Amino acid sequence: AEYMAAVLSNNMNDIKQVSFFMEECKRMGLAVLGPDVNESYYKFTVNEDYAVRFGMGAVKGVGAGAVQTIVENRKDGNYKSIFDLAKRIDLRAANKKAFESLALAGGFDSFENVHRAMFFVPDVADGLTLADKMIKYSNQMSSGTNTSQASLFGGEDEIHITEPQLPAKVEPWTALEQLGREKEVVGFYISGHPLDPYKAILDHRCN
């Protein structure tokens, strides 16, 4: 698994090669998992379950700076939620495009009650997408920290910023749409294949 992770990392800028070696992993019985902000690094790695974990650096639109701030700021513990991540990372390194690209590749799939369409479809309540809410909350937390300072009376002015609500009534994408948009930022399918629903039929017909 370590060898295949190294091979994938060395070829991560060549879509055809990555696709080929991912198929090799499957043939060898090695699981290749999509990117995850709580487990992935810039390059491909092997996790505790001996599965190959996709490198965030192989996702289009996610720069080295964005990966670095995500990895650096989780050293004190995994991100508990999408807004915990937004609060802790450096927005000068990770922008809205990076969030959207990670969302398309499945980098936030491990968070509860979060699905990929939320990052792109505006919330009916405030017209903001989840990516917008993350940026807004991160900026609020940052400016709140900078302006919270000792008062004339020696106390501290505390600024309480409420964590945003997740978008309501946003329909998840179909499996087919999710795969198609995943391919936009990775170049191939990670979490499945468009023909997966027909696998049983194809296997039966081809035998």
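Tutor: Start with the residues that meet. From helix 5, Ser101, Leu104 and Ala105 touch Arg181, Glu182, Glu184, Val185 and Val186 of helix 7. This contact is made up of four nonpolar residues, one polar and three charged. Contact means heavy atoms within 4.5 Å. Nonpolar covers Ala, Val, Leu, Ile, Met, Phe, Trp, Tyr, Cys and Pro; charged covers Asp, Glu, Lys and Arg; the others, Gly among them, are polar. Helices (H or I, at least four residues) and strands (E, at least two) are DSSP runs, numbered from the N terminus.

The model is predicted: local features need pLDDT of at least 70, side-chain atom pairs count only at pLDDT 80 or more, and totals for chains, interfaces and linings use all residues. Residues are numbered from 1 along each chain as its sequence is written, and side-chain values use heavy atoms, with hydrogens and water left out.

Now the geometry. Two packed helices are described by the angle between their axes and the distance between the axes. The crossing of helix 5 past helix 7 is left-handed: the near helix is turned anticlockwise from the far one by less than a right angle.

Buried means under 20% relative accessible area, exposed over 50%, partly exposed in between (1.4 Å probe, protein chains only).

Next, the loop between helix 6 (130–147) and helix 7, where glutamine 165 sits. Glutamine 165 has 62% relative accessibility, so it counts as exposed. Leaving out residues up to four places away in sequence, glutamine 165 touches Phe83 and Lys133. Lysine 133 is 32 residues from glutamine 165 in sequence; their C-alpha atoms are 8.7 Å apart.

Finally, the whole chain. It has eight helices and three strands, in the order α-α-β-β-β-α-α-α-α-α-α. Of its 207 residues, 41% count as buried.
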